[in-house]
Amino acid sequence: MRLDADALVALLDAEGVPTGPVPWLRHPTLGRALQLPPGFKAGQRWWYCAGLAHAQEAVSQLPVTLLGLAPGASDPVTRVLDLCAAPGGKTAQIALALGNRGTVLANDFTPERIAALQGNLDRLGLVNVSTTWCDGSNYPAAAGPFDRILVDAPCSSEGTLRRNRRLVGTLRTGDGPARSARMAARQRALLRKAVQLCRPGGRIVYSTCTFAPEENELIVAEALDAAAGRLTLLPVDVPGLRVGAGVTRWQGRTLDPRLALCARLWPHWNDTGGFFVAVLEKTAETGAGSGPPAHAARRLDLAPEDAPWLDGLVERYGLPDGLRERYRFHRQTRRGLHLAAADHTPPVSPPAQGSGLFFHRTNMRPPKLTTAGALLLGPQATRNRMDLTLPQRDAYLRREAFTPGPEQTRDCRPGQVLVRYCGHTLGVAVLHRSGTLESLFPRKWSGCTAGG
Ligand SMILES: C[S@@+](CC[C@H](N)C(=O)[O-])C[C@H]1O[C@@H](n2cnc3c(N)ncnc32)[C@H](O)[C@@H]1O
């Protein structure tokens with residue numbers, strides 16, 4: 001989030017949107033979360049498009065809070081793998097909890113879902129994430145080891161029944177056990193891989209949004225068995241959250257009693273979706289040898305021939321010196337330039353789909369700062385920026401052209417300018433010599449056109 005909770009409450013208050021606290025949800029770096037009214041469509045609001053905040057079901061925020069991402073200096077967390085990441089709500093939470101620094105690898109199996117994930121990361125200005133496209137159960141060992149791994153596994157989604165009524169029909173067909181068995185094979189392989197990739201002393205959180213023990217406790221039980229005492233199940237103790245114990249008897253079988261430490265979230269207990277979560281700590285290496293080797297890092301350097309692109313942007317918008325110390329600028333594609341956190345070190349293998357944020361499109365004339373780049377760098381710009389009125393803001397988000405007043409354009413030369421509303425950057429526009437302002441707000445982001 002680009003706004004802290006108090007500033008967001010004030011903004012929502014001014015728009016007549018009531019909010020309440022989520023008493024059990026508080027993170028040392030992220031602060032507190034807000035409860036929005038039922039059915040509220042955050043994705044259509046201007047502040048959402050400007051990347052000021054993100055909306056996510058409350059219970060879905062639990063796994064990341066249990067990863068323990070802000071431990072003391074003696075146990076620094078800098079490398080995190082999100083093995084089943086798309087569309088990226090939890091990745092964003094991880095990246096923000098690390099203070100937009102370090103290295104988060106966000107992996108998924110489905111390319112279209114990776115594109116949605118990248119869209120969320122771009123909107124929120126997250127520069128410490130590389131995305132990878134792999135079957136998580138075959139994730140290359142060369143990428144590890146990781147301090148923390150989240151396995152938010154694909155599942156039969158029974159816990160989403162409250163907001164996904166179509167599931168009722170599916171559940172009535174009675175093929176639940178067969179579906180769970182299919183899912184379980186994938187979940188088992190994903191958790192096994194996570195155990196392999198985690199460093200000794202590191203932590204793995206396994207979660208699903210389903211109730212079936214075959215997809216939950218039985219998967220964790222197999223991981224504990226395979227680890228032969230070198231994996232510890234930690235209790236889930238979240239003040240203010242009522243948590244059910246994991247099942248230890250199922251279909252006439254008595255299971256490992258430690259499984260009671262897993263957490264079941266029943267919808268009627270905390271007014272949330274249904275959820276399952278287990279927190280595992282790797283106490284020593286589980287396989288033969290001394291553990292996964294340190295990964296080979298990919299270089300993210302700005303080629304000398306690309307430096308003028310950056311200089312041009314700094315000049316146009318009056319950006320401060322020191323950007324090169326703050327970010328690693330680099331070219332991943334012919335389309336343009338990316339930037340990543342200075343200490344972001346993605347591995348050579350698997351190759352990243354994207355590292356950091358695509359900020360400057362250089363394959364067009366004139367080149368263009370992307371909207372994601374504008375949202376990130378805009379607050380540091382000192383010229384060629386323009387403040388919009390409320391009707392102009394909505395016209396801009398609807399990609400409509402309009403003519404701003406002379407007092408609005410005083411600070412701007414014709415060409416590309418940054419547009420802002422209430423001090424928050426919205427994106428890029430072209431100020432024509434005729435005085436017309438042409439919106440360059442991306443069509444694919446215009447779920448936001450309702451304004452409000
Ligand atoms: C529950 S969703 C993840 C939700 C995500 N963590 C979030 O918070 O937005 C499960 C994801 O796992 C992905 N998936 C399924 N099988 C996979 C596999 N073998 N390897 C990696 N990802 C997989 C699916 O494409 C899906 O995006």
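Which strand is largely enclosed by the rest of the structure? I started my notebook with that one, and the answer is β17 (residues 357-361): four of its five residues are buried, so the rest of the structure largely encloses it. For my own reference, buried means under 20% relative accessible area, exposed over 50%, and partly exposed in between, with a 1.4 Å probe and protein chains only. Strands (E, at least two residues) and helices (H or I, at least four) are DSSP runs numbered from the N terminus.

A note on what I am looking at: this is a predicted model, in which local features need pLDDT of at least 70 and side-chain atom pairs count only at pLDDT 80 or more, while totals for chains, interfaces and linings use all residues. Residues are numbered from 1 along each chain as its sequence is written, and side-chain values use heavy atoms, with hydrogens and water left out.

**Entry: neighbours of β17**

I looked up the pairing next, where two strands pair if DSSP finds at least two bridges between them. Strand β15 (residues 336-341) runs antiparallel to β17, with four bridges, and Leu-337 sits opposite His-360 of β17. Strand β18 (residues 368-369) is also antiparallel to β17, through two bridges. There, His-360 has Leu-369 as its bridge partner. I noted that β17 and β18 make a hairpin, with six residues between them.

**Entry: salt bridges**

How many salt bridges are there? Taking a side-chain nitrogen of Lys or Arg within 4 Å of a carboxyl oxygen of Asp or Glu, I get 15.

I picked out Asp-152 and Lys-90, whose closest N and O atoms are 2.7 Å apart. This pair connects distant parts of the chain, 62 residues apart: Asp-152 belongs to strand β6 (residues 146-152) and Lys-90 to helix α4 (residues 89-97). Asp-152 and Lys-90 are both buried.

Asp-147 forms a salt bridge with Arg-199, at 2.6 Å from N to O. Asp-147 is in strand β6 and Arg-199 in strand β7 (residues 198-208), so this pair ties together parts 52 residues apart in sequence. I found Asp-147 and Arg-199 buried too.

Then I checked Asp-306 and Arg-331, which meet at 2.9 Å, N to O. Asp-306 is in the loop between β13 (275-282) and α10 (307-317), and Arg-331 is in strand β14 (residues 327-333), 25 residues apart. Is Asp-306 buried or exposed? Asp-306 counts as buried because its relative accessibility is 5%, whereas Arg-331, at 31%, counts as partly exposed. I also jotted down a network: salt bridges with shared partners join Glu-315, Arg-383 and Arg-413.

**Entry: around the ligand**

I went on to the shell, counting a residue as near when one of its heavy atoms lies within 4 Å of the molecule. Of the 21 residues around the ligand, those that come nearest are Asp-108, Arg-113, Asp-135, Gly-136 and Asp-152. Helix α4, β4 (103-108) and α7 (176-197) each give at least two residues to the shell.

I looked up three distances to ligand oxygen atoms. A side-chain N or O atom of Asp-108 is 2.6 Å from one, a backbone N or O atom of Pro-87 is 3.3 Å from one, and a side-chain N or O atom of Thr-110 is 2.9 Å from one. On its own the ligand has 600 Å² of accessible area, and the protein covers 88% of that; the areas come from the Shrake-Rupley method with a 1.4 Å probe.

Note on methods: A polar contact is a pair of N or O atoms within 3.5 Å; within protein, one must be able to donate a hydrogen and the other to accept it, and residues adjacent in sequence count only if both atoms are side-chain atoms.
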